[in-house]
Amino acid sequence: MELLPKGTLETIRNAQKIIFLTGAGISNESGIPTFRGEGGLWKNFRAEDLATPEAFQNNPELVWEWYDWRRGICKNAEPNLGHITIAKWQKKSKGIFLITQNVDGLHPRSGSEPIIELHGNIFRARCTNCSTKFHLEQDGLNHDGLKYCQNCESLLRPDIVWFGEEYDQSLLTKSWELCQLSQVVFVIGTSANVSVPAQLALTAIRSGAIGIEINPETTSLSPSMKHHFQGKSGEILPKIWKEVFEEESIG
Ligand code: OAD
C-alpha cells in the first residue's frame, strides 16, 4: 500500500529545502532510551538533579556519572535504518537539512551532513572557565568521573544544553532560517514537549511547508501535520524513501 499520495511525492521531489527534525524516538530502535513515555529516562531520573546548571554546581560527580553512563550506551549503539535513510537522502539530494534534539551522536555516525545538533553532543565536553570544547574519546578524556580542561585545568562540563539554559544562538538562527524556507518538514520521534524544536516545526508549516510526522503516538504537533504515520521511524522512513526515489536501496 502506498504511504504518500502523488501530490505529496511531487512536493517532496521538487522541494528546494527539506527539513528532518528528529528527537529521541529515532534512536529508540538502536536501544537508546527516550526521555518521556514508557521506559523513558525522565521516569527514572529527576531532570532537576542531573540536567540543570544548578545540579552540576551542587554535584558535578553525580552529573558526570549519569552522562558517562549514558555515553557508554550511545557508544555501544549502532545507527538504525531511520538514521541511515536520512544520511543517504542527504547524500543523494541537495537541500536536505537535519536538525536534531539528540545528543547521542548516531546521526553524525550514520554520515549525516549537514546537521544541527540543537541540544549538544554527549561525546563533547566544554570548559566551565575558558569554554574550550573537547571530544571525550578523541582527546583522551573518556574516563569516568570529573574531567579537567587541557588548557586551563578548570572543570569540564558535558556540552549539552540543560534545562534553563540558552540555545546556541547561531544554531538557532540557522534553524529558524531553514525552517522558514523549507517546503517539507519531517518531524520524527519527538514528543514535542520542548518548545523550541516544536516551534521550529510549526514555523516551517506556517511558512508553507507540508508536515510529515512519524511517531507511534500522536503529539501536540499532529493536528498541524499533513500526514501522520503511526509507527517506527526505522520502518517507515525506508518505505517513504522507496516511494520518493522509486528504488529500494535501503536495508
Ligand atoms: P521524548 O522522549 O520526549 O519523546 C520521544 C518520542 O519518540 C515519543 O513521542 C515517542 O512516541 C517517540 N518514539 C518512540 N519510539 C519511536 C520510534 N521507533 N520511531 C519514532 N518515534 C518513536 O524525546 P524528545 O522529544 O527528543 O533534552 O525530547 C526532547 C528533549 O527533552 C531531549 O532532547 C532532551 C529531553 O529533556 C536534553 O537532554 C537537553
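A pocket is an open set of grid points, on a 1 Å grid over the protein atoms alone, with protein on both sides within 12 Å along at least five of seven lines. In this predicted model, the second largest pocket holds about 220 Å³ of space.

The lining of this second largest pocket comprises 16 residues, and those nearest its centre are Arg 126, Lys 133, Asp 159, Val 161 and Asp 168. Sorted by class, the lining contains 9 charged residues, alongside 5 nonpolar and 2 polar ones. Two strands contribute at least two lining residues each: E4, spanning 120–127, and E6, spanning 156–160. The second largest pocket lies between domain 1 (1–32 + 79–119 + 166–251) and domain 2 (34–76 + 121–160), because both domains give residues to its lining.

Domain 1 and domain 2 each supply at least three residues to the shell around the ligand. There are 24 residues around the ligand, with Phe 35, Arg 36, Thr 190, Ser 191 and Asn 215 coming nearest. The class composition of this shell is 12 polar, 8 nonpolar and 4 charged residues.

An N or O atom in the side chain of Thr 190 lies 2.6 Å from a ligand oxygen atom. For Phe 35, a backbone N or O atom is 2.7 Å from an oxygen atom of the ligand. The side chain of His 119 places an N or O atom 2.8 Å from a ligand oxygen atom. On its own the ligand has 800 Å² of accessible area, of which the protein covers 94%.

Notes
Residues are numbered from 1 along each chain as its sequence is written. This is a predicted model: local features need pLDDT of at least 70, side-chain atom pairs count only at pLDDT 80 or more; totals for chains, interfaces and linings use all residues. Side-chain values use heavy atoms; hydrogens and water are left out. On a 1 Å grid over the protein atoms alone, a cavity is a set of points where a 1.4 Å probe fits but cannot get out, and a pocket is an open set with protein on both sides within 12 Å along at least five of seven lines; lining residues have an atom within 4 Å of a point. Grid points are joined across faces, edges and corners, and a volume is the space filled by probe spheres set on the points. Helices (H or I, at least four residues) and strands (E, at least two) are DSSP runs, numbered from the N terminus. Ala, Val, Leu, Ile, Met, Phe, Trp, Tyr, Cys and Pro count as nonpolar, Asp, Glu, Lys and Arg as charged, and the others, Gly among them, as polar. Domain bounds come from an automatic or database domain assignment. A residue is near a molecule or strand if one of its heavy atoms lies within 4 Å of it. A polar contact is a pair of N or O atoms within 3.5 Å; within protein, one must be able to donate a hydrogen and the other to accept it, and residues adjacent in sequence count only if both atoms are side-chain atoms. Accessible areas come from the Shrake-Rupley method with a 1.4 Å probe; for residues, only the protein chains shown count as cover.
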